[in-house]
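Please keep the sequence and the coordinates in view while reading.

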Amino acid sequence: MKSVYSLKSQTKKTVIPITVLKTALTPSLSLEIFFDKGKISKISILKKKEQKIIPEFLLYFLKEGDPLINLEYLDLKRINPKCIKVYLKLKEVASFGKIITYGELARLTDLHPRFVGYCMKINPFPVIIPCHRVISKRDLGGFNQGIEIKSELLKHEGLIL
């Protein structure tokens, strides 16, 4: 059975009469956004083109800013409260075009760098919670969607060649 879900952004309300929504993210990547009880429950990044762009992701597609989705519309009830603290700080300090190391984010949240890495690994909302912008001091670090996709996202944002 299909339900009507509401995806509210910082600028407007979009009604989505489906449980899975696909949108272009970059010219070569797309997102599958899964909804459960009116909230985003999970996001997957796909290595395929999508023609449609929902308004909340247009700024990101155009390389002008982050997706316009407030965290209150994410289903965070299964997320460790300390990870939510890390996610909030990450959104605050690593906006579009900026990166941060695991160690720097750990210092800002008074948590261990390995715990910060764990939070990035379990992040079910890539791009909205920009875990791809967290790197190690030696290399790109890991990414739960694959290092190739992390690299492509960072290239899209002008952070690596």
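The structure contains two aromatic pairs, where rings of Phe, Tyr and Trp (its six-membered ring) pair if their centres lie within 6.5 Å, and planes under 30 degrees apart count as stacked, over 60 as edge-to-face and the rest as tilted. Because the rings of Tyr 60 and Phe 96 have their planes at 80°, with their centres 5.5 Å apart, this pair is edge-to-face. The pair links distant parts of the chain, 36 residues apart, with Tyr 60 in helix 1 (residues 58-61) and Phe 96 in the loop between helix 2 and strand 6; helices (H or I, at least four residues) and strands (E, at least two) are DSSP runs, numbered from the N terminus. Both Tyr 60 and Phe 96 are buried, buried meaning under 20% relative accessible area, exposed over 50%, and partly exposed in between (1.4 Å probe, protein chains only). Phe 115 and Tyr 118 form a tilted aromatic pair, 5.8 Å centre to centre with 40° between the planes.

The model is predicted, so that local features need pLDDT of at least 70 and side-chain atom pairs count only at pLDDT 80 or more, while totals for chains, interfaces and linings use all residues. Residues are numbered from 1 along each chain as its sequence is written, and side-chain values use heavy atoms, with hydrogens and water left out.

In helix 2 (residues 81-93), Cys 83, Val 86, Tyr 87 and Leu 90 are buried. These residues lie on the same side of helix 2 because they cover an arc of only 100° around the axis, taken from the directions from the helix axis to the C-beta atoms. On the other side of helix 2, Pro 81 and Glu 92 are exposed.

Technical notes: The expected span of a helix is 1.5 Å times one less than its number of residues.
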